[in-house]
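This report goes through selected helices, loops and backbone angles of one model. Please keep the sequence and the coordinates open while reading.

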Amino acid sequence: MTKSQHYKKSIALALPVMLGQLGHVMVGLADSIMIGQIGTIPLAASAFANSIFAIPLVFGIGMAYGMTPPIAMADGENNTAKAGNFLKHGLAVNLATGLLIFLLVLLFSSFSHLLGQEPEVLEMSYFYLYIITSSIFFFMLFLTFKQFAEGLSDTIFAMWASIGANLINILLNYLMIYGNWGFPELGLEGAGYATLISRGIMALVMMIYVLKNSKFKKHLKDWLRDKWHRSYFKTLLDLGIPGGLQYVFEISAFALAAIFAGQIGASSLAAHQVAISLAALSYMAASGLGAAATVRVGNQLGRKDFYSLKEAARSCFVLALAFMAICGLIFYLGRDYFPLFYTDDLEVIKIASSLLVIAVVFQLSDGLQVAVLGALRGMSDVKIPTIITFFSYWIIGIGGAYGMGIYLEWGPQGIWYGLASGLTVSALLLYWRFHWKLNFLAKKAMDKN
């Protein structure tokens, strides 16, 4: 395969994932806008509930992503039965993870009154949190079949399922939040039910697609009758738990940075939220290249083709840097205009504009590190990368954000310099780890021969 073919294949795999991820971000934005129309208290209650649900949710996503590398490797080995058996074991692991998340969120919610929120916000958030937490079972079911299909290089249908479910979610919001077309006016609870129903439809459609599609028939010939294997569970947990922790470290680091910004002042916090919401759009899209890197590297590792593995990974790294460079340029050129979509507060606009300049470096590091993490996941290398992400996000990123933003009083810009430093360290260390692991595996294979 030529270098241009590697780029074409990486783009073909990544683009549907990128569009699907952007759909999820946009529907979150639509939820906030539609809930905000019924009042400040419902909007605050939804933000509070989603902030509680966000960290266990991303851990669940990381757990499910642990399915992709062994399935991609089985595909590279042309071992169809092994791929199907990983679906069976992955289904059990992911549903058990969903149950654990559900119980933990319910337990934590009973202590949420200790977090200093207004009583009206707390009261309204309880049932909404229960509804959206219930959707975790459907979401984990969807991810199970999505990661199975992605491990076999099929990323297109999951994109359409995600986009379709997001459109249904917006429609159901319109019907059940406001009580249109004869539906009951449920307010914030209506938004929760919209999320639950749309995720249920998304999971059902994805499951039917995988189970009924002829392209997967050879992989699923005896998948339900296959025996349970402890080694399969161990593989999924060894990959899933560190992968989930990687997401938790990053999400929690950004959450703590928002707390630092709030300590400086309301304008700083608002500006931070404006800038970070824009950066999240490009990050979620770039994560599609991380998913492509996982599949492509896993395939080549299964074939023991280390030259193609290196070229496949490199194509994803270059594409991630190029995509984020374009996003950074757009942020720089639009730094004085994008904040206007969020607010007319001149102070907030001025601070957000300065943060978007820092985002140029922010974006390049974030894009590279998410692509390299995907490649390492494809090599089933997750434990050392998890340590790297903890060190980079929490020691360098959060330490730097507090040191520059609070201690040295550089303000919100100092917080972002700290975050950018952490992401840059993460990208460099992960990139070094990838090349070390690649050389180690190639040498090990050569010694065997």
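In which loop is the place of E409? E409 sits in the loop between helix 13 (383-407) and helix 14. The model is a predicted one, and the values below are computed from it.

## Residues with positive phi

Most residues other than glycine have a negative phi. E409 has a phi near 60°, a positive value in a residue other than glycine. With a relative accessible area of 68%, E409 is exposed.

S153 also has a positive phi, near 70°, and is not a glycine. S153 belongs to the loop between helix 6 and helix 7 (156-178). Its relative accessibility is 28%, so S153 counts as partly exposed.

## Helix 10 against helix 14

Two packed helices are described by the angle between their axes and the distance between the axes. For helix 10 (residues 266-303) and helix 14 (residues 411-448), the axes come within 13 Å and cross at roughly 5°. Helix 10 is therefore roughly parallel to helix 14, since angles under 35 degrees count as roughly parallel.

On the helix 10 side, the contact involves S268, H272, A275, I276 and L301. These meet P412, W416, L419 and L441 of helix 14. By type, the residues of this contact are seven nonpolar, two polar and no charged.

## Helix 12

Helix 12 covers residues 346-378, which is 33 residues. From its first C-alpha to its last, helix 12 reaches 46 Å, close to the 48 Å expected at 1.5 Å a residue. Of its 33 residues, 25 are buried, so helix 12 is largely enclosed by the rest of the structure.

L346 and S267 are 79 residues apart in sequence, yet their C-alpha atoms are 9.6 Å apart in space.

Helix 5 (residues 119-134) has 16 residues. Its reach from first C-alpha to last is 23 Å, close to the 22 Å expected at 1.5 Å a residue. A kink of about 35° is centred on S125, and S125 is one of the buried residues of helix 5. Among the other buried positions in helix 5 are V121, L122, Y128, L129, I131 and I132. T133 and S134 are buried as well.

S135 is in the loop between helix 5 and helix 6 (136-151). Which residues does S135 touch, not counting residues up to four places away in sequence? They are T195, L196 and R199. At 0% relative accessibility, S135 counts as buried, because the cut-off for buried is under 20%.

## Y307 in helix 11

Y307 is part of helix 11 (residues 306-333). With a relative accessibility of 53%, Y307 counts as exposed, because the cut-off for exposed is over 50%. How far apart are Y307 and A442 in sequence and in space? The two are 135 residues apart in sequence and 9.1 Å apart in space, C-alpha to C-alpha.

How values were computed:
Residues numbered from 1 in each chain as written. Predicted model: local features only at pLDDT ≥ 70, side-chain atom pairs only at ≥ 80, totals over all residues. Heavy atoms only, no water. Axes fitted to C-alpha atoms, helices over the stretch in contact; angles between N-to-C directions. Helix = DSSP H or I, 4+ residues; strand = E, 2+ residues; numbered from the N terminus. Parallel < 35°, antiparallel > 145°, perpendicular 65-115°, else oblique. Contact = heavy atoms within 4.5 Å. Nonpolar A, V, L, I, M, F, W, Y, C, P; charged D, E, K, R; others polar. Expected span 1.5 Å × (residues − 1). Buried < 20%, exposed > 50% of the residue type's maximum accessible area, 1.4 Å probe, protein only. Bend = angle between axes of the 7 residues up to and from the residue.
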